[in-house]
Amino acid sequence: MNILYEKTHEYLREEDGNYFLGISAYAAEQLGDITFVELPEVGKRFKKGEVVAVIESVKAVGECYAPVDLEITAVNNELKTKPELINQNPTGMGYICQVNVIEPNQLEQLMKAEEYEKMCESLEKGH
């Protein structure tokens, strides 16, 4: 499984040429129990940094930003009735949507898992 991360805790998981967008386990943990996900519209395009989805939890409201320029090709309708999938398996069944990457060269700006884990560890330590 090939996963790339953005500093704002989104991931893009590539599987057989398909890309899945969601929030990281770290972000899901910070939000706490997720109660609602406002999913994007299929066919909508987002520029890097735009809000793709809104995630509500018992503790806070979080946003899922586009880590690259992308177009929504499908949404995870399971989240409508089971938003807790994000807490249970954020990089698997808890993905938010499937996307087409419009600018593939932007993928180079994202972090590999090891880099992202180091960033999260330093956040935990308060640096």
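User: Is Tyr5 buried or exposed?

Analyst: Please note at the outset that this is a predicted model. The general idea is that a residue counts as buried when its relative accessible area is under 20%. Tyr5 has a relative accessibility of 12%, so Tyr5 counts as buried.

User: How many aromatic pairs are there?

Analyst: Two rings pair if their centres lie within 6.5 Å. By this rule there are 2 aromatic pairs. One of them joins Tyr5 and Tyr116: the ring centres are 4.2 Å apart and the planes lie at 5°, so this pair is stacked.

User: Which parts of the chain does the pair of Tyr5 and Tyr116 tie together?

Analyst: Tyr5 belongs to strand S1 (residues 2–5) and Tyr116 to helix H4 (residues 113–124), so the contact ties together parts that are 111 residues apart in sequence. Tyr116 also counts as buried, because its relative accessibility is 4%.

User: What is the geometry of the aromatic pair formed by Phe20 and Tyr95?

Analyst: Here the angle between planes decides the class, and over 60 degrees counts as edge-to-face. Phe20 and Tyr95 are 5.0 Å apart from centre to centre, with 80° between the planes, and the pair is edge-to-face. Phe20 lies in strand S3 (residues 18–23), whereas Tyr95 lies in the loop between helix H3 (85–88) and strand S9 (97–101), so this pair ties together parts that are 75 residues apart in sequence. Phe20 is buried at 11% relative accessibility, and Tyr95 is buried with a relative accessible area of 16%.

User: Which residue has its charged end over the ring of Phe20?

Analyst: For such a contact, one looks for NZ of Lys or CZ of Arg over a ring. In this model, the charged end of Arg13 sits over the Phe20 ring, at 4.4 Å from the ring centre.

User: Let us turn to the strands. How many residues of strand S6 are buried?

Analyst: Strand S6 (residues 51–57) is mostly covered, with 5 of its 7 residues buried.

User: Which strand is joined to S6 by 4 bridges, and which by 5?

Analyst: Strand pairing is read from the bridges between two strands. Strand S4 (residues 34–38) is joined to S6 by 4 bridges, and the two run antiparallel; in this pairing, Val37 stands opposite Ile55 of S6. Strand S7 (residues 61–65) is joined to S6 by 5 bridges, also in an antiparallel arrangement. There, Val51 stands opposite Tyr65 of S7, and a hairpin connects S6 to S7 through 3 residues.

Notes:
Residues numbered from 1 in each chain as written. Predicted model: local features only at pLDDT ≥ 70, side-chain atom pairs only at ≥ 80, totals over all residues. Heavy atoms only, no water. Phe/Tyr/Trp six-rings, centres within 6.5 Å; stacked < 30°, edge-to-face > 60°. Buried < 20%, exposed > 50% of the residue type's maximum accessible area, 1.4 Å probe, protein only. Lys NZ or Arg CZ within 6 Å of the ring centre and 35° of its normal.
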